[in-house]
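Here is a short report on a single protein chain. Please read it alongside the sequence and the model.

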Amino acid sequence: MDAWNLQWFAWMAGGFAPTAWVLELARWLGMDGVALAGAALLWLWWKRPADRLYLLGSMLCCAAAVLLAHQLAIWVGHPRPFVMGLSPAYIEHAARGSLPSAHASALFTLGFCLLWLRQLRLGGVAGVAVALAVSWGRVYCGVHFPFDIAAGAALGGVIALLYGWLWRHAGPVVQEPAALALPDAAAPRPSPQPAPVE
């Protein structure tokens with residue numbers, strides 16, 4: 001497994017002689033690409049008000065994924081590529097454990113959560129695409145191995161699977177009181193004025 005990890009890293013990473021424009025793209029994706037997922041979330045929040053409770057739950061799942069990823073990385077203690085001297089770190093990063101990637105865990109969690117609901121699947125596809133792009137950028141920049149990304153995707157898949165199962169079983173129970181508390185703004189409301197007497 002380690003041999004494959006090193007081989008894939010050598011194939012994907014910029015190493016000691018990166019292409020300048022590819023490195024700039026990878027650095028932007030690796031550091032700021034998460035903003036693309038944030039923009040997709042904001043668009044869905046605006047476009048799909050009926051699904052805001054589900055979107056909020058998806059964001060909480062992302063936070064849980066980050067916390068779990070950090071704890072697992074401490075426990076596993078796998079060194080990062082730049083710590084092992086395999087590449088410079090083109091993104092400033094601490095030398096803590098790398099497996100699983102917290103960025104990959106959060107972004108794949110979001111993408112997989114959105115894929116659960118038919119009406120949010122386009123957002124889910126965008127989320128997974130952003131997760132892949134950001135993950136590639138972080139491998140190219142020497143702060144992650146490909147297996148770190150795979151582990152983050154697996155963690156995200158497990159969290160999204162649990163959330164999707166919970167939503168299928170408990171979602172209607174939660175949604176009904178929320179719908180009653182926040183009636184649809186488009187629904188007609190009775191007039192406070194009494195009807196004229198003819």
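## Basis

This is a predicted model, in which local features need pLDDT of at least 70 and side-chain atom pairs count only at pLDDT 80 or more, while totals for chains, interfaces and linings use all residues. Residues are numbered from 1 along each chain as its sequence is written, and side-chain values use heavy atoms, with hydrogens and water left out.

## Overall fold

The chain holds seven helices and zero strands. Its elements run α-α-α-α-α-α-α from the N terminus. Helices (H or I, at least four residues) and strands (E, at least two) are DSSP runs, numbered from the N terminus.

The chain has 198 residues, and 40% of them count as buried. Buried means under 20% relative accessible area, exposed over 50%, and partly exposed in between (1.4 Å probe, protein chains only). Accessible surface totals about 11,600 Å². Carbon and sulfur atoms account for 71% of that surface. Areas come from the Shrake-Rupley method with a 1.4 Å probe; for residues, only the protein chains shown count as cover.

Contact means heavy atoms within 4.5 Å. Among contacts between residues at least 6 apart in sequence, 80% join residues at least 24 apart.

## Helix H6

Helix H6 covers residues 121-140, 20 residues in total. At 1.5 Å a residue it should span 28 Å, and its end C-alpha atoms are 28 Å apart, so the two agree. The expected span is 1.5 Å times one less than the number of residues.

Buried residues of H6 include Gly 123, Gly 127, Val 130, Val 134 and Arg 138. Tyr 140 is buried too. After H6 comes Gly 142, with a positive phi near 85°.

## Ser 98

Ser 98 lies in the loop between helix H4 (52-76) and helix H5 (102-116). Ser 98 is buried, at 0% relative accessible area. Its side chain makes a polar contact of 2.9 Å with the side chain of Asp 148. A polar contact is a pair of N or O atoms within 3.5 Å; within protein, one must be able to donate a hydrogen and the other to accept it, and residues adjacent in sequence count only if both atoms are side-chain atoms.

Leaving out residues up to four places away in sequence, Ser 98 touches several others, among them Ala 73, His 78, Arg 80, His 144 and Phe 145.

## Salt bridge

A salt bridge is a side-chain nitrogen of Lys or Arg within 4 Å of a carboxyl oxygen of Asp or Glu. The count is one. Asp 51 pairs with Arg 48, with the closest N and O atoms 3.0 Å apart. Asp 51 is buried at 6% relative accessibility, whereas Arg 48 is partly exposed at 30%.
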